[in-house]
Amino acid sequence: MEEILPETVNVAMSGSIEFVYSFEPLARKTVVLVPGFVGTMMQTIADAVGFDVETISMLMGMLMCYPLGFIMKALPYGKTKHLFSFLLGAFLLQFTIGVQWIHQLVSSLVAYVMFLILPPELSKIAVPVWAMLYISAGHIHRQYINYLGWDMDFTGAQMVLTMKLYSLAWNLYDGQALAKGEGSRASKKCAPFAVKELPGIIEYLGYTFCFSSVLAGPAYEYVYYANACDGTLLYDSNGKPKGKIPGVAWPTLKPFLISMVCMGIHVVGNGMFPLLDPVDPQNTTAVLVTEEFLSKPWFQRYGYQWLSLLFVRMKYYFAWKNAEGAQNIWYAGFEGFDEQGNAKGWDVSNNVDIIEFETAPNVKTLSAAWNKKTANWLGRYIYMRTNGSLAATYGLSAFWHGFYPGYYLFFLSVPFITACERLGRKKLTPRFGNGKKWSPWGIVCIIFTSLIAEYNVAAFQLLSLEWALANWKGFYFAGHIACLVFYLAVSQIPSPKKKEE
């Protein structure tokens, strides 16, 4: 990274990083929840299994959420649960990323001070700006010192925290605006998530550090967390159950088993079809753009790329399904009861619908099934608050992910693909579709959605501008050209007349 930046920028970056690093001795004194011998033990385990210690620590941290979840479930409602959630979240961060846990604490506390001193009309802007600037600084630091590297650091957990702080700022604004009989259309749509007053510091830190979602998400709404901790999710004001309280065994076991299967598939499949160089992924050309790989027939390369990206996704499926099970243990993933006392379901912490995503017939379904809580955040607090601006939504999503060119190539292509999908749904689906997913037309849509998605998302995973463009060039930019031809051709087709009732 230093080679491509001007000298003045390098000097400024190096000076800024050195200034921040000067506080490390002070921050290291805060790492008090993890005994020193634990690090030695994790290094021994990592050496034995052949993985780096950061990966093993993250894996162990995520699995520890299950026994901790059973303890959380047994604790009395109220501040005890909030305090436990905070302390165990801090422990897991110190266990997995060490001294870097301090970023979560500092950014949370600064945001809380903003909530205290600023009115909601200002904090709904100031806190999101603060959260986005902090995660952006983290991304820039990571990209500067570890360009194209995949080492574990604080930015993953910070991305989850960013969504929580961003959402809570708008929740507090909506709560105040609706209480006054005001509020925009977006505020009214988000009324179920509105927060009437700022939570106490223990409740707030319990939410931002919530142990079962601090490492890999999902970043769900504060009201869900608070209701699970204070008992109002299951009981009324008289202490009586709102309905027949469901057991947690299957809602916990099912996502856990799925996560284990996905992890196994990732380990085996990624070894067989690596996307990046297995020995030195940071400094060696990615497998997809090596001269040897690009010399192969395009259909053979695309088949390899399709499988490689599938196995990469299994890593995300593992993390999200594992977190879902850990949340469900203590009912944080339970949706509650309807007015008749019937259980609604367990979708609060469900962050991905694997089958729905892998067989999506259109981009809309694809987006809705993948990283669902992030999609909710983008929809409720960016898309709806900017009068439905796709540019603002996808732009901030890219900004939130980081600053690698591959992210922006991916996200800038998505609106074009979305426009084609909407056009096809308007002009072709009424002619050929029958409303059924597994009809001949539905299957055609599934195949083409998968083809264009795998073509486009390669840029996101490759990160580098050179690698991403080399990959697309190897396929003659077929995805983009096909979308352009499709849009121009289908635009000439008259819209079908609506059937009269």
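A: Let us begin with a term: a contact means heavy atoms within 4.5 Å. The model is a predicted one, in which local features need pLDDT of at least 70 and side-chain atom pairs count only at pLDDT 80 or more, while totals for chains, interfaces and linings use all residues. Residues are numbered from 1 along each chain as its sequence is written, and side-chain values use heavy atoms, with hydrogens and water left out.

Q: Which residues is K242 in contact with, leaving aside its neighbours within four places in sequence?
A: K242 is in contact with T232, L233, L234, Y235, D236, F337 and G341, with neighbours within four places in sequence left aside.

Q: And where is the place of K242?
A: K242 is in the loop between α11 (222-230) and α12 (249-272). Helices here are DSSP runs of H or I with at least four residues, strands are runs of E with at least two, and both are numbered from the N terminus.

Q: Is K242 buried, exposed or in between?
A: Its relative accessibility is 40%, so K242 counts as partly exposed. Buried means under 20% relative accessible area, exposed means over 50%, and partly exposed is in between, with a 1.4 Å probe and protein chains only.

Q: What about E203: buried or exposed?
A: E203 counts as buried because its relative accessibility is 14%. E203 lies in helix α10 (residues 201-208) and is in contact with K79, H82, Y222 and Y225, leaving aside neighbours within four places in sequence.

Q: Changing topic, which residues touch the most other members of the largest nonpolar core?
A: They are W330 and W377, in a core of 98 residues. Helix α8 (residues 155-179) gives the most to this core, with 13 residues. A nonpolar core is a set of buried Ala, Val, Leu, Ile, Met, Phe, Trp, Tyr and Cys residues joined through side-chain atoms within 4.5 Å. In soluble globular proteins, nonpolar side chains tend to be buried together.

Q: How do α8 and α17 cross?
A: The axes of α8 and helix α17 (residues 372-383) come within 11 Å and cross at roughly 35 degrees. Axes are lines fitted to C-alpha atoms, for helices over the stretch in contact, and angles run from 0 to 180 degrees between N-to-C directions. The contact is made by M163, Y166, S167, W170 and N171 of α8 and T374, W377, Y381 and I382 of α17.

Q: Last one: at what angle do α6 and α7 pack?
A: Helix α6 (residues 102-117) and helix α7 (residues 120-145) pack at about 165 degrees, with their axes 10 Å apart. The two are therefore roughly antiparallel; angles under 35 degrees count as roughly parallel, over 145 as roughly antiparallel, 65 to 115 as roughly perpendicular and the rest as oblique. Among the residues making the contact are V106 and V110 of α6 and W130 and Y134 of α7.
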